[in-house]
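Please read the following note beside the sequence and the model. It takes the chain as a whole, then its spaces, and then one residue.

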Amino acid sequence: MTMKPFTRIHLVVLDSVGIGEAADAEAFGDKGANTLGHIADSVGGLNMPNMEKLGLANIVPVNGLEQQQQPSAHFGRLQEASVGKDTMTGHWEIMGLNIDTPFKVYPQGFPEQLITKLEQATGRKVIGNKPASGTEILDELGQEHMETGSLIVYTSADPVLQIAAHEEIIPLEELYRICEIARELTLSPEFLVGRIIARPFVGEPGAFKRTSNRHDYALAPFERTVMNELQDAGKDVIAIGKINDIYNGEGVTESLRTTDNEDGMDKLVQVLGKDFNGLSFLNLVDFDALFGHRRDPQGYAEALEAFDRRLPEVLAGLKEDDLLIITADHGNDPTFPGTDHTREYVPLLAYSKRSKGGNDLGTGETFADIGATIADNFACELPKFGTSFLSKLN
């Protein structure tokens, strides 16, 4: 490596912001998916001048955005190599893993054997046990839960088991303990659920509201990731949002929880003001959770434009030896049938103040190119998967 390494790398994952069907999309039932493109078309064009300047429309055409003659960021796209399209698979691949055994999903609800074990271990009955929107199932079963103390269990297109409980009926400490029990029950290959999610809520029937006391209980990555290598090398790894949960704390030196996208951006700006050497890693989950799964292209568009409005603060906070990488972990086309993620390419934008301009980074064969680049920069052991593009960031 001939160029001076970056002291800090800030990695931002726009959760579910895919940019068009992947080469193998048809195998996943996602032919024609295009999260960003279909959102832009559905609202008559996006207003994202800051992402436009970075070169977002140089990767793919986006209604409302112009291709830049001299984009300020290096730009490209990445193909997912792993056999999944869920959050954990996408994030783990970003940090150098290739997941060749997919997590299990439960489109018909969880097996009776698992539910019985959960009821016996917690002393509470289970209601629900089906795929559902997190808000709709509260409208449907919230009152029954309050009257009986039963656990609302539901899933989604993701490999997740979610347990909802009213904070005045089941205290947070008990809900978290119940989720820990569920985590133990689903570690076996028989069930292999990727994440258990505690979903506390408050309010009265007809006006329930989920609180920010959500907690994820994930599996630890099956192998070491680039984050482990950074930690072992004495570098900082600051996890913002649900990053700590996704990696089950592996390789994390500091964790900052967030309540929503705006809070995530606030926390990132705070981290930019800190003196550290290593990686800050932010996930902005609202795109996926609030708009993708709920098939709300208008809300999704507004969230994208809100993110764009916060970008100048981030860019202003970058130091000369900082690198900002913006990407995604999968798609979730809100114009597609159902509520599932979609198999798509993800954007890659890499910006630093010392860059001479934006190179076309092309199409990477794996999200792990990001992890390889980060490891390369900090002179850590490179992951088994991925190709560093660090030398192209001149």
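**Note on the predicted model**

1. The chain exposes about 15,500 Å², and carbon and sulfur atoms supply 47% of that area. Accessible areas come from the Shrake-Rupley method with a 1.4 Å probe, and for residues only the protein chains shown count as cover.

2. The model is predicted: local features need pLDDT of at least 70, side-chain atom pairs count only at pLDDT 80 or more, and totals for chains, interfaces and linings use all residues. Residues are numbered from 1 along each chain as its sequence is written, and side-chain values use heavy atoms, with hydrogens and water left out.

3. The C-alpha trace spans about 65 × 50 × 40 Å along its principal axes. The radius of gyration of the chain is 21 Å, which agrees with the value near 21 Å for a compact globule of 394 residues. This radius is taken over C-alpha atoms, and the globule rule is 2.2 Å times the number of residues to the power 0.38.

4. The chain has 13 helices and 14 strands. Helices (H or I, at least four residues) and strands (E, at least two) are DSSP runs, numbered from the N terminus.

5. Of the 394 residues, 58% count as buried; the term means under 20% relative accessible area, with exposed over 50% and partly exposed in between (1.4 Å probe, protein chains only). Among contacts (heavy atoms within 4.5 Å) between residues at least 6 apart in sequence, 68% join residues at least 24 apart.

6. The spaces are found on a 1 Å grid over the protein atoms alone: a cavity is a set of points where a 1.4 Å probe fits but cannot get out, while a pocket is an open set with protein on both sides within 12 Å along at least five of seven lines. Lining residues have an atom within 4 Å of a point. Grid points are joined across faces, edges and corners, and a volume is the space filled by probe spheres set on the points.

7. The largest pocket holds about 650 Å³ of space. It is lined by 27 residues, of which Arg 199, Thr 211, Ser 212, Arg 214 and Thr 259 are the closest to its centre. The lining divides into 6 nonpolar, 7 polar and 14 charged residues. Here Ala, Val, Leu, Ile, Met, Phe, Trp, Tyr, Cys and Pro count as nonpolar, Asp, Glu, Lys and Arg as charged, and the others, Gly among them, as polar.

8. The second largest pocket holds about 410 Å³. Its lining has 25 residues, and the closest to its centre are Ala 132, Ser 156, Gln 162, Ala 289 and His 293. Strand β6 gives the largest share of this lining, 3 residues. By class there are 8 nonpolar, 8 polar and 9 charged residues.

9. There is 1 cavity of 30 Å³ or more, and the largest cavity has about 30 Å³ of space. Its lining consists of Leu 114, Ile 115, Leu 118, Leu 161, Ala 182, Leu 185 and Thr 186. Helix α5 supplies the largest share, 3 residues. The lining has 6 nonpolar residues, 1 polar residue and no charged ones.

10. Is Ser 280 buried or exposed? Ser 280, in strand β11 (residues 278-284), is buried, with a relative accessible area of 1%. Neighbours within four places in sequence aside, Ser 280 is in contact with Ile 9, His 10, Leu 11, Ile 238, Leu 268 and Val 271.
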